[in-house]
Amino acid sequence: MCRSIKTLRPPVLAEEATEEEIRAAALQYVRKVSGFRAPAAHNQEVFERAVEAVARATAELLDGLEVRGAAARRAG
């Protein structure tokens, strides 16, 4: 899909993803899907709502994922 979106879950990231990293990934996704790097003024509101919705869904996904062995890797 979009190669510039990096993986945000452990063990790829040593720490949990920050809000800024999640929002950046959401922005890249919305840009890719919409085909707009920066939307026109009349599309700005819907573009921003989409970024926020994707960021919320991403945070929810990351919060709910269970990465097997991640706790053992962090302890070691």
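The expected span of a helix is 1.5 Å times one less than its number of residues. Helices (H or I, at least four residues) and strands (E, at least two) are taken as DSSP runs, numbered from the N terminus. The structure is a predicted model, in which local features need pLDDT of at least 70, side-chain atom pairs count only at pLDDT 80 or more, and totals for chains, interfaces and linings use all residues. Residues are numbered from 1 along each chain as its sequence is written, and side-chain values use heavy atoms, with hydrogens and water left out.

The chain contains 3 helices and 0 strands, in the order α-α-α from the N terminus. Of its 76 residues, 21% are buried; buried means under 20% relative accessible area, exposed over 50%, and partly exposed in between (1.4 Å probe, protein chains only). Accessible areas were computed by the Shrake-Rupley method with a 1.4 Å probe, and for residues only the protein chains shown count as cover. The accessible surface of the chain is about 5900 Å², and carbon and sulfur atoms account for 53% of this area. A contact is defined by heavy atoms within 4.5 Å. Among contacts between residues at least 6 apart in sequence, 60% join residues at least 24 apart.

Helix H1 covers residues 19-34 and helix H2 covers residues 44-64. At 1.5 Å a residue, the 16 residues of H1 should span 22 Å, and this agrees with its end C-alpha atoms, which are 22 Å apart. H1 is followed by Gly35, which has a positive phi near 85°.

In soluble globular proteins, nonpolar side chains tend to be buried together. A nonpolar core is here a set of buried Ala, Val, Leu, Ile, Met, Phe, Trp, Tyr and Cys residues joined through side-chain atoms within 4.5 Å. The largest such core has 10 residues, namely Leu8, Ala17, Ile22, Ala25, Ala26, Leu27, Val30, Phe47, Val51 and Ala55. The elements giving two or more residues to this core are H1 and H2, and the largest share, 5 residues, comes from H1.

The buried residues of H1 are Ile22, Ala25, Ala26, Leu27 and Val30, and they pack against H2. When residues up to four places away in sequence are not counted, Ile22 touches Leu8, Ala17, Ala55, Thr58, Ala59 and Leu62. Thr58 lies in H2 and counts as buried because its relative accessibility is 19%. Apart from neighbours within four places in sequence, Thr58 is in contact with Leu8 and Ile22.
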